[in-house]
Amino acid sequence: MKKNILVIVLLLNVFFAYSQEFQKTELARAIDKIVSFNSNMNGASYIWTDGRSSALVEENQPADKYEITKINDGDYSTAWVEGKPDDGINEWVIIPVTDEEDDDWNRACDKYSAGKIDKFTVELLVNNGYQASEELYKKNNRVKDAKVSIYAVPYTMGMNSARLTANPDLVCEKTVTFSDEIIFNPIYINSSSFEFSFELPEKYKTNDDYRFYEFYLKIEIKSVYKGTKYSDTCISEMKAKTVH
């Protein structure tokens, strides 16, 4: 009888905990999926479709040819391509922000916890357009102006996964203009870089619900350099990292 009562109490506690979960925003729901399963957006079989607004699908081409996984795969001949029939204005893509000391997207719990660091600079590196060739670069749209938003995402770790403890906080937002200069680098055709500095909200220093966190960066297309043939807007590579 006592065992049955204990099981019921435990189940009620679990139910209560889930019923008290915060109301997630659309952004939180999108990020929660990748945080919860500790997924890497470069994984061979994983496509984080919530991390982009759309992706182009062409007939007789692989379904993932222009997907979000192509935006930071280290291959400048591939690209994320938005999937709208027009220029893709207001389409967007999100990427996790890595730490400068880590090549992969790894959680830096010891570094980003308990207010050990409260001021950050994020460096964004973008290879604009479809850089498989100079011809394809010119034929397709490239991003001209974009709104860059950086979010702090608080989470807690479990045995095999993690979960958000609160909705993401916008910590930095700025409109930037990408280069359209063809530089004939042996590796890539075009490159732009930006730095964004910000300070964490006070609650990240004092509230246990915000003890551990990571950053995500979102780019939203606001205007484009027009392609000579196609209206698809492309980004070949995009990486963001914290610099100290």
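Leaving aside its neighbours within four places in sequence, which residues is serine 192 in contact with? They are Leu124, Leu125, Val126, Phe178 and Ser179, where contact means heavy atoms within 4.5 Å.

## About the model

This is a predicted model, in which local features need pLDDT of at least 70 and side-chain atom pairs count only at pLDDT 80 or more, while totals for chains, interfaces and linings use all residues. Residues are numbered from 1 along each chain as its sequence is written, and side-chain values use heavy atoms, with hydrogens and water left out.

Serine 192 is placed in strand E8. Helices (H or I, at least four residues) and strands (E, at least two) are DSSP runs, numbered from the N terminus. The relative accessible area of serine 192 is 7%, so the residue is buried. Buried means under 20% relative accessible area, exposed means over 50%, and partly exposed lies in between (1.4 Å probe, protein chains only). A polar atom of the serine 192 side chain lies 2.9 Å from the backbone nitrogen of serine 179.

Asparagine 207 is found in the loop between H4 and E9. With a relative accessible area of 32%, asparagine 207 is partly exposed. A polar atom of its side chain lies 2.9 Å from the backbone nitrogen of aspartate 209.

## Aromatic rings

The whole structure holds 12 aromatic pairs. Rings of Phe, Tyr and Trp (its six-membered ring) pair if their centres lie within 6.5 Å; planes under 30 degrees apart count as stacked, over 60 as edge-to-face and the rest as tilted. One of the pairs is formed by phenylalanine 120 and tyrosine 213: the centres are 6.3 Å apart and the planes are at 85°, which is edge-to-face. Phenylalanine 120 belongs to strand E4 (residues 119–128) and tyrosine 213 to strand E9 (residues 212–225), so this pair ties together parts that are 93 residues apart in sequence. Phenylalanine 120 is buried, at 2% relative accessible area, and tyrosine 213 is buried, at 2%.

One aromatic cluster is made up of Phe120, Phe198, Tyr204, Tyr210, Tyr213 and Phe215.

## Charges over rings

The charged end of lysine 24 sits over the ring of phenylalanine 22, at 5.0 Å from the ring centre. The charged end of lysine 218 sits over the ring of tryptophan 92, at 4.8 Å from the centre. A charge sits over a ring if NZ of Lys or CZ of Arg is within 6 Å of the ring centre and within 35 degrees of the ring normal.

## Salt bridges

Side chains of opposite charge can pair when their charged atoms come close. A search of the whole structure gives 14 salt bridges, a salt bridge being a side-chain nitrogen of Lys or Arg within 4 Å of a carboxyl oxygen of Asp or Glu. Glutamate 123 and lysine 241 form one of them, with their closest N and O atoms 3.8 Å apart. This pair links distant parts of the chain, since glutamate 123 is in strand E4 and lysine 241 is in strand E10 (residues 233–243), 118 residues apart. Glutamate 123 counts as buried at 19% relative accessibility, whereas lysine 241 counts as partly exposed at 30%.

Aspartate 180 forms a salt bridge with arginine 142, and the closest N and O atoms are 2.9 Å apart. Aspartate 180 is in the loop between strand E7 (169–177) and strand E8 (192–199), and arginine 142 is in strand E5 (residues 141–157), 38 residues apart. Aspartate 180 is partly exposed at 25% relative accessible area, while arginine 142 is buried at 8%. Another salt bridge joins aspartate 169 to lysine 203, with the closest N and O atoms 3.1 Å apart. Here strand E7 holds aspartate 169 and helix H4 (residues 203–206) holds lysine 203, 34 residues apart. Salt bridges that share partners also join Asp118, Glu199, Glu202 and Lys205 into one network.

## Cysteines

How many disulfides does a search of the whole structure find? The number is 0, with a disulfide taken as a pair of cysteine sulfur atoms within 2.5 Å. Cysteine 172 counts as buried at 14% relative accessibility, and cysteine 234 counts as buried at 1%.

How values were computed:
Polar contact = N/O pair within 3.5 Å; in protein donor to acceptor, adjacent residues only side chain to side chain.
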